[in-house]
Amino acid sequence: MQFLVKTFQNSGKGIFMSFYAVARGHNVGIYDSWAKCEEQVRGFKGAKYKKFKSKSEAEDFVKNLNGFVSENITSPTPKDFWPDDETFELNSLEDSELLAAASNVESSNKRKRDAPDELGTKKKKYPEHVSNFWKPVGKMIFKEHSFEIDSEGYIIVYTDGSCINNGSSDACAGFGVYFGENHPLNASKPVTGRVTNNVGEIQAAIHAINTAKSFGIEKLCVSTDSQFLINSITIWIEGWKQKNWRKQNGEPVKNSIDFKELDKLLADNSIQVKWNYVKGHHRIVGNEMADKLAREGSDTYKRLRCSQSPTKPIVGLQLSDTGMHRDLIYTVQFTNALYDKSCNYVLEQLLPAGVYISVDQIGDLKRLKKLNGIFPEFVDIEAPTEKSKSFTIMLNGVPQSTDAIKLPIHYRYHAPSKKQNKFATVEIPIPKLYIKCKTLEDNSIEEFLETASKYNYCLNERSISFETKINENNSNSSPKSNLAVYDNCDWYLVDVHFQLKTDLRADIPIGNEKAFPPILYATIIISWIISLYTVFRTHAIPRRINYKLEEQRVLQNKMK
């Protein structure tokens, strides 16, 4: 009898064995005990797992969610505790990176209103992805380089962006791309253009896809901890393109230059990209290594660009507001070695034909001592862009730790076009910086600043331009013609480190020329109809008056 009981117990282990499928967790797979399954889902936000009576059902569950099954089966163990519910999905908290990045899509005030409350009961405005780890199942060789692949045949790569002092004027950003341990194509680079964490995320993806395409890779799984990047490239970008790279509120899309490059890489369909979200700092080796490479890229940016020689001024540029009337804001930072040298600086700004300034508005700001500089005496504010020309202005200031200048500018209207373009892009060029110090001897300025030219310049206020100083011994030059120039010389063109806080361009609406004839004819017809009606009514009034008078005379005659 004991032999029969023991035999039945041993065989019962196989009959009543349960299979625990983990579709979202630290390691996706099938496990034979709750204890082992719990290790893969504990602390994993958005985990999905389920208990099954057969291995085939567990495989189907994982396959339906991820498209693959990872064989993580070990020897049977005794049946243990399993929660009552059959299927579970752990609620994940709002991703802080998503909320931080949402400033590129909505204003910060609106983002705060849309944030969930403490109980998480408020509906989330932004799509939130569940963290998913794709475990390598093999390797493929492309051009003598080995790459890890997942069960669907996608090459696995991790990308990440990093930014030191994100959002400040001294921000330093970089990105990291990780293909595998000690892989020769792993990359750690500083960003180019705008200096933000999101730019690092986008440029990391661009670098990864460019690298994959150069090796003939056709299927790439990009794993990133940026939900903003995934939502942007998979959801929002189509709406942005339809609105000419503008958001729903009409504001231009930030980082549109990088998004356009990323969209162009994917447009030819030569590579199939699977965008995969992984939770940052969550024991995923690939993500942690990409994060390390990204931070190294930020450090590189800091060494090469943020830690510029103190003799190199920093000029920050920002185009504020939206619409046709905006402010061009400059922040100029100098080394403190120039504070006591009686120095002055001039920003020479070329404004394109699509931009004008109001002379009266500038005059008021100068009288209120809110703006100092040299401006044209007359600017035609009524002329369209096609009949206007670019012109130069000069903004004056005194070197200090940080000097802020706000220049109000206005965009001109464009003539209607036969093309389908609804907007015309107007871009403001980078200014030039000149400096002059009264207490410094000739050429000693180079001890404090890096000059961009071996020549010094004279400021011609009549033409609002800088001209190379003419040799006084040149007999061919006319002293009278150069007198105004020589009155304000010894200016030096200085090397500057520019920090673009926003794109210095705007998209201006353009009318459709094809709509002009029907609108013109319709206007003429309506005008004629209104005119004829007015004439008819005008002639009808005297007749009505005469008719009433006649009735009164007839009535009076009858009364007599």
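Q: Let's take axes as lines fitted to C-alpha atoms, for helices over the stretch in contact, with angles running from 0 to 180 degrees between N-to-C directions. At what angle do H6 and H8 pack?
A: At about 25°, with the two axes 10 Å apart. Helix H6 covers residues 197-214 and helix H8 covers residues 256-267. Keep in mind that this is a predicted model.

Q: Parallel or antiparallel, then?
A: Roughly parallel: angles under 35 degrees count that way, so H6 and H8 qualify.

Q: And which handedness does the crossing have?
A: H6 and H8 cross in a left-handed way.

Q: Which residues make that contact?
A: On the H6 side they are Val-199, Ile-202, Gln-203, Ala-205, Ile-206, Ile-209, Asn-210 and Lys-213. H8 brings Asp-258, Phe-259, Glu-261, Leu-262, Leu-265 and Leu-266.

Q: How many of those are nonpolar, polar and charged?
A: The contact of H6 with H8 has nine nonpolar residues, two polar ones and three charged ones.

Q: Switching to charges: how many salt bridges are there in the whole structure?
A: Searching the whole structure turns up eleven salt bridges. Among them is one between the side chains of Lys-241 and Asp-263, at 3.2 Å from N to O.

Q: Where do those two sit in the chain?
A: Lys-241 is in helix H7 (residues 227-242) and Asp-263 is in helix H8, so the pair, 22 residues apart, links distant parts of the chain.

Q: What about Arg-367 and Asp-364, how far apart are their N and O?
A: That salt bridge has an N to O distance of 2.1 Å. Both residues belong to helix H10 (residues 359-367), and because they are three residues apart, about one helical turn separates them. Arg-367 is exposed, at 61% relative accessible area, and Asp-364 is partly exposed at 38%.

Q: Which residue does Glu-550 pair with?
A: With Arg-553, and the closest N and O atoms of that salt bridge are 2.3 Å apart. Here too the spacing is three residues, this time in helix H12 (residues 516-559), so about one helical turn lies between Glu-550 and Arg-553. Glu-550 is partly exposed at 39% relative accessible area, and Arg-553 is partly exposed at 43%.

Q: Which residues are linked in a network of salt bridges?
A: Asp-150, Glu-152 and Lys-274 are linked that way.

Q: New topic: where does Thr-385 lie?
A: In the loop between strand S16 (373-374) and strand S17 (391-397).

Q: Buried or exposed, that Thr-385?
A: Buried, since its relative accessibility is 13% and buried means under 20%.

Q: What does Thr-385 touch?
A: Leaving aside residues up to four places away in sequence, Thr-385 touches Ala-353, Gly-354, Arg-412, Tyr-413 and His-414.

Q: Last one, the big picture: how many helices and strands does the protein chain have?
A: It has twelve helices and 25 strands. The protein chain has 560 residues, and 44% of them count as buried. Among contacts with a separation of 6 or more, 72% join residues 24 or more positions apart.

How values were computed. Residues are numbered from 1 along each chain as its sequence is written. This is a predicted model: local features need pLDDT of at least 70, side-chain atom pairs count only at pLDDT 80 or more; totals for chains, interfaces and linings use all residues. Side-chain values use heavy atoms; hydrogens and water are left out. Helices (H or I, at least four residues) and strands (E, at least two) are DSSP runs, numbered from the N terminus. Angles under 35 degrees count as roughly parallel, over 145 as roughly antiparallel, 65 to 115 as roughly perpendicular and the rest as oblique. A crossing is left-handed if the near helix is turned anticlockwise from the far one by less than a right angle, and right-handed if clockwise. Contact means heavy atoms within 4.5 Å. Ala, Val, Leu, Ile, Met, Phe, Trp, Tyr, Cys and Pro count as nonpolar, Asp, Glu, Lys and Arg as charged, and the others, Gly among them, as polar. A salt bridge is a side-chain nitrogen of Lys or Arg within 4 Å of a carboxyl oxygen of Asp or Glu. Buried means under 20% relative accessible area, exposed over 50%, partly exposed in between (1.4 Å probe, protein chains only).
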